[in-house]
Amino acid sequence: MNRTHSSAHSDAPRDEGHRQILDTLQEHGWSEQDNFLPHDLTLALAQECAGLAASGALALARVSQGAARALQPEIRGDRIRWLDAGQSAACDQYLAIMETLRTALNRRFFLGLEEYESHFAFYAPGDSYRQHRDQFRHDDSRIVSVVVYLNADWLPHHGGELRLHPEGSSMRDILPVGSRIAVFLSADMLHEVLPATRDRLSLTGWFKRRT
Ligand code: OGA
Ligand code: MN
């Protein structure tokens, strides 16, 4: 089989998927899309995240930055672990997909995004993250926020919505359904994570400009 042809062919659905994300982001300042990751990859990432949680390898997340950096589980209750290149085949595959989204964002919006940082996040039942924006007060390097969900068979009554509060329009709830991606502008979008009745797994990340 002609390799060049076959890889060009298999990229077409991804390019179309990216185009839809970019169109909606441009129009509303946020976007969501289902089946962003292949099902098998979502499964592998979910297993890795659950394994890290079970072995105590996730650390309680902190709020703010610099001297103000603090543990405040009543504000933010998730446990996280930052991703490193080479940590697993699944993470590398995920990072490669995010790299295609970074390129697409730059091509469309000329954002000059140079880096992507991402962590696993694990919310136990009842954990939440109160209303916040993702850009820090003294560091505007985070430009675009993305959350990819890793939860099989998530139903509305499980809760755990990502609640967006877009300026000037009504709030929007996004259920953390496996393989779904949520994308929004880090500086503008006020948002929160509502408590769930079951474990809530995700990969959260930020496309950044170099500072
Ligand atoms: C965050 C965040 C949203 C989500 O980690 O900053 O807002 O749906 N996450 O997990
Ligand atoms: Mn956030």
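Predicted model: local features only at pLDDT ≥ 70, side-chain atom pairs only at ≥ 80, totals over all residues.
Which residues surround ligand 1?

View 1. Ligand 1 is surrounded by Y129, H132, D134, V147, Y149, L162, H191, V193, R200, T204 and W206. By residue class, this shell divides into six nonpolar, three polar and two charged residues. The space that ligand 1 takes up is the largest pocket.

**View 2. Strands that supply the shell around ligand 1.** At least two shell residues come from each of the strands β5 (129-132), β6 (142-149), β10 (190-193) and β11 (200-208). Among these strands, β11 gives the most to the shell, with three residues.

**View 3. Polar side-chain atoms beside the oxygen atoms of ligand 1.** A polar side-chain atom of Y149 lies 2.6 Å from an oxygen atom of ligand 1, while for H191 the corresponding separation between a polar side-chain atom and a ligand oxygen is 2.9 Å. A polar side-chain atom of D134 is placed 3.2 Å from an oxygen atom of ligand 1. Taken alone, ligand 1 exposes 290 Å², and the protein buries 99% of that area.

**View 4. Protein donors of the manganese ion (ligand 2).** The manganese ion has as its protein donors H132 through NE2, D134 through OD and H191 through NE2, with distances of 2.1 to 2.2 Å. Along the chain, these donors follow the spacing H-x1-D-x56-H. Distant parts of the chain are linked here by the pair of H132, in strand β5, and H191, in strand β10, which are 59 residues apart. H132, D134 and H191 also belong to the residues that surround ligand 1.

Conventions: Residues numbered from 1 in each chain as written. Chains lettered and ligands numbered in written order. Heavy atoms only, no water. Near = heavy atom within 4 Å. Polar contact = N/O pair within 3.5 Å; in protein donor to acceptor, adjacent residues only side chain to side chain. Areas by Shrake-Rupley, 256 points an atom, 1.4 Å probe, with all protein chains shown as cover. 1 Å grid on protein atoms, 1.4 Å probe; cavity = no way out; pocket = protein on both sides within 12 Å on 5 of 7 lines; lining within 4 Å. Sits in = over half its atoms within 2 Å of the grid points. Helix = DSSP H or I, 4+ residues; strand = E, 2+ residues; numbered from the N terminus. Nonpolar A, V, L, I, M, F, W, Y, C, P; charged D, E, K, R; others polar. Donors = N, O, S within 2.8 Å, 3.2 Å for Na, K, Ca; no water.
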